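Welcome! Here is a short briefing to read alongside the sequence and the 3D view. Take your time and look up each residue as you go.

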Amino acid sequence: MVCEAVSGDYKQALPAAAALQLLRTAAEVFDDIEDEDSSESLSVRHGFPIAVNIATTLIIVAERAIVRLETKGVEPRVIVRVMDVINSFHITACAGQHLDISLPEETINSEDTYLKVIGMKSAYATECACHVGALLANANQKLIDTFSSFGLNLGMASQIANDIQGITMGTDIIKRKITLPVIFALGQADGEARSQLEGIFIERPAAIYDPAPIRDLLFRAGGVHYATVKMEFYKRLASDALSEAAKAGANTERLKLFLE
């Protein structure tokens, strides 16, 4: 969609889009292996060796998809640049994953650290897609950077939206995931409310059968409201980037749908 917004055509970006989806899927398989937090994951259902082999194959197929940009008339020098950009973004994602799995629990309770981690390991995917789309449309560097900014901020807003949904649906409470609403609530609550939150998210009991009381507590502590405000902040930054792209001549109407 970014490629089409700049050049009026999307076809030259299709192999790259396929590559990014394949790499994203591989990353999700590896993430399941590392986190071991899903009973439905490939690694649980078929074992670690098969999961690792499939993820590795997905990476190889993704690289072949990038090479096929040549069939869409993309020059070899641009293909090399695309490959380098994609690799750079995924190195950042790996670094973000390393932070996520290596930092102690008390460190990840910092909002700044949490936002840094999700920017590196979650928002990178959207930022990378937007950057590559503009690159394949032969946009100038300023416009590529503008679309990268749009992708980063859209990715941040999307991840925080997932955080909010995880609380309202109760799934993240059951998994005892420390996300932005939880971090804010832990910093604001006191007395019995703080003790309850720490009992769930820090001491991590064996099982949670009813997430409703904890969800209500997170709402009362302002965690969900704060996360909503933060989400809207990133959406505004993404909207501002789209406005800049439109001033540069890009047709951003379809991309605005992501901000609704």
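How many residues does H14 have, and how far does H14 reach from its first C-alpha to its last? H14 has 25 residues and reaches 37 Å, which is close to the 36 Å expected at 1.5 Å a residue. Please keep in mind that this is a predicted model.

**Helix H14 and what follows**

- Several residues of H14 are buried, among them Gly 223, Val 224, Ala 227, Lys 230 and Met 231.
- Further along H14, the buried residues include Tyr 234, Lys 235, Ala 238, Ala 241, Leu 242 and Ala 245.
- These buried residues of H14 pack against H7, H9, H11 and helix H13 (212-220).
- Gly 249 lies in the segment after helix H14 (223-247), and the phi of Gly 249 is positive, near 105°.
- Is Gly 249 buried or exposed? Gly 249 counts as exposed because its relative accessibility is 61%, and the cut-off for exposed is over 50%.
- Gly 249 and Ala 5 are 244 residues apart along the chain, yet their C-alpha atoms are separated by 8.8 Å.

**Helices H9 and H11**

- The axes of helix H9 (residues 141-168) and helix H11 (residues 180-188) come within 8 Å and cross at roughly 70°.
- H9 and H11 are therefore roughly perpendicular to each other, since angles of 65 to 115 degrees count that way.
- On the H9 side, the contact is made by Ile 160, Asp 163 and Ile 167, while H11 brings in Leu 180, Pro 181 and Val 182.
- The residues in this contact of H9 with H11 divide into 5 nonpolar, no polar and 1 charged.

**Helices H7 and H9**

- Helix H7 (residues 111-121) packs with H9 at an angle of about 115°, and their axes are 10 Å apart.
- The crossing of H7 and H9 is right-handed.
- Which residues meet here? Tyr 114, Leu 115, Ile 118 and Gly 119 in H7 meet Leu 152, Met 156, Gln 159, Ile 160 and Asp 163 in H9.
- This contact of H7 with H9 holds 6 nonpolar, 2 polar and 1 charged residues.

**His 131**

- His 131 sits in helix H8 (residues 124-136).
- His 131 counts as buried because its relative accessibility is 11%, and buried means under 20%.
- Leaving aside residues up to four places away in sequence, His 131 touches Val 85, Phe 89, Ile 144 and Ser 148.

Methods. Residues numbered from 1 in each chain as written. Predicted model: local features only at pLDDT ≥ 70, side-chain atom pairs only at ≥ 80, totals over all residues. Heavy atoms only, no water. Helix = DSSP H or I, 4+ residues; strand = E, 2+ residues; numbered from the N terminus. Buried < 20%, exposed > 50% of the residue type's maximum accessible area, 1.4 Å probe, protein only. Contact = heavy atoms within 4.5 Å. Axes fitted to C-alpha atoms, helices over the stretch in contact; angles between N-to-C directions. Parallel < 35°, antiparallel > 145°, perpendicular 65-115°, else oblique. Nonpolar A, V, L, I, M, F, W, Y, C, P; charged D, E, K, R; others polar. Left-handed = near helix turned anticlockwise from the far one by under 90°. Expected span 1.5 Å × (residues − 1).
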